[in-house]
Amino acid sequence: MKIRSRITVGIVTLFALAILAGCETGPEVKSATPAQQTVAVAAKPKLPPLPKGSTVITTEQVKALVDKGPEAGNYLLFDSRPAGRFHAGTIPTSLSLPSGEQEKLDKDGKAHPLLGQDKNKTLIFFCGGPTCPFSLKGAELAIKYGYTNVRVYSAGDPAWGKAELPFVSSPKFVKDDNILLLDLRAADKFAAGHIPRAMSLPAADLDKYKEENWPSFKGAPIVFYSDNQADIDKALELMRDYGLSKATYFPGGLARWQKLGNPVEAGAKPAPTKLTFVRKLNPQDVSIADFNKLLHDPNVVILDVRADAERAGGSFKGALHIPFEQLATRFSEIPKDKQVIVHCATGIRSSIAYETLKAKGFTNIKVLNANVKFEGGTHKITE
């Protein structure tokens, strides 16, 4: 296994993490020249203010609570990102609570039932990093309804990943999505019963799989499960070594799968020597390669829905800027006679922007569902 430098979580400050929002390990495409495609300055993004009455919680503190579990730690951890992001990979023990769901109930003067009855329990909200607005909105609404111990994990999932901490996938993701599902138990256990679609790759054989044996697409969603957490940890460390940034695990393995009432298959199905993954883009998604080409097309409008502060680090030259929060009132500024491609920092807000504009009657919207980072007059896009 390759020797890797480790991040000491406790010394990573929130300010330093601001530049990491939306950035993940993976294949990248850089701009041709700064003059052609980007405008950048030295200023770093200004972090949005925390809701009054809330406090920041660090990666180290979140990890300590996760290690205890919600009951012993007396906390609830909420993933404020859209549900699809939660299902694909979230921080262990978290619950899916998109801020939009809270806002819908708030219009009727109601708090979301997931917040619970205990107004003194620690409630933690996180989303896609320091500049992501969803966790701030979630925390704000919790405070509005009388919750007294509200924390914001501002660094969010980018910092969790940067600290080389694991993400978990949901049963729905394991059942329905386009993934590689790998069972790390011994071959005889797999043959006796396994999750449908899984392939057998015993943890004892992991060392035989070098980087060339894994998918060349570094954003491939690989999900492991086992009855031995040490085997899962070993597999996820190997994936980090090989830059497969979307690897997660399914907590509870086959026992949890069965407890949820899901079907089980039997029989041998060993993983092939060469694991492949065929990516399937959503109809509205544009690939990184195509986006890079379309940057030069005068008939294409790039719509930047990041906040004003995020653009301090740079932007695509000529992009139309409408902050995500203003789309509902400024959509008339968006042309309908040209192809429009929406981007943000991580793909979260751009995906929601697509749904917002679709509801307004737009049929010419595409989405760059990827991480976008500007630095030093260039841009970097990763899966």
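**Aromatic pairs, a sheet and a helix**

Phenylalanine 316 is buried, at a relative accessible area of 2%; buried means under 20%, exposed over 50% and partly exposed in between, with a 1.4 Å probe and protein chains only. Before going on, this is a predicted model, where local features need pLDDT of at least 70, side-chain atom pairs count only at pLDDT 80 or more, and totals for chains, interfaces and linings use all residues. Residues are numbered from 1 along each chain as its sequence is written, and side-chain values use heavy atoms, with hydrogens and water left out.

On confidence: pLDDT is the predictor's confidence in each residue, from 0 to 100. The protein chain averages 88, and 88% of the residues score at least 70. Over residues 1-43, pLDDT stays under 50. Where pLDDT is low, the predicted coordinates should not be read in detail.

Now the rings. Rings of Phe, Tyr and Trp (its six-membered ring) pair if their centres lie within 6.5 Å; planes under 30 degrees apart count as stacked, over 60 as edge-to-face and the rest as tilted. The whole structure has nine aromatic pairs. In one of them, phenylalanine 217 and phenylalanine 277 have ring centres 6.0 Å apart and planes at 15 degrees, so the pair is stacked. Phenylalanine 217 is buried at 17% relative accessible area, and phenylalanine 277 counts as buried at 15%.

How are the rings of phenylalanine 316 and phenylalanine 374 arranged? Their centres are 4.9 Å apart and their planes at 70 degrees, so this pair is edge-to-face. Phenylalanine 316 lies in strand β13 and phenylalanine 374 in strand β17, so the pair ties together parts that are 58 residues apart in sequence. Helices (H or I, at least four residues) and strands (E, at least two) are DSSP runs, numbered from the N terminus. Phenylalanine 374 counts as buried, at 10%.

Next, the sheet. Five strands form an open sheet in the order β3-β7-β6-β4-β5, with parallel pairing; two strands pair if DSSP finds at least two bridges between them. β3 (54-56) and β5 (94-96) are the edge strands, each pairing on one side only. Strands β4 and β6 are joined by five bridges, and aspartate 79 has phenylalanine 126 as its bridge partner in β6.

Last, helix α15, residues 348-359. At 1.5 Å times one less than its number of residues, its twelve residues should span 16 Å, and the end C-alpha atoms are 17 Å apart, which agrees. Its buried residues are Ile348, Arg349, Ser350, Ala353, Tyr354 and Leu357. Just after α15, glycine 361 takes a positive phi of about 100 degrees.

Terms used:
Contact = heavy atoms within 4.5 Å.
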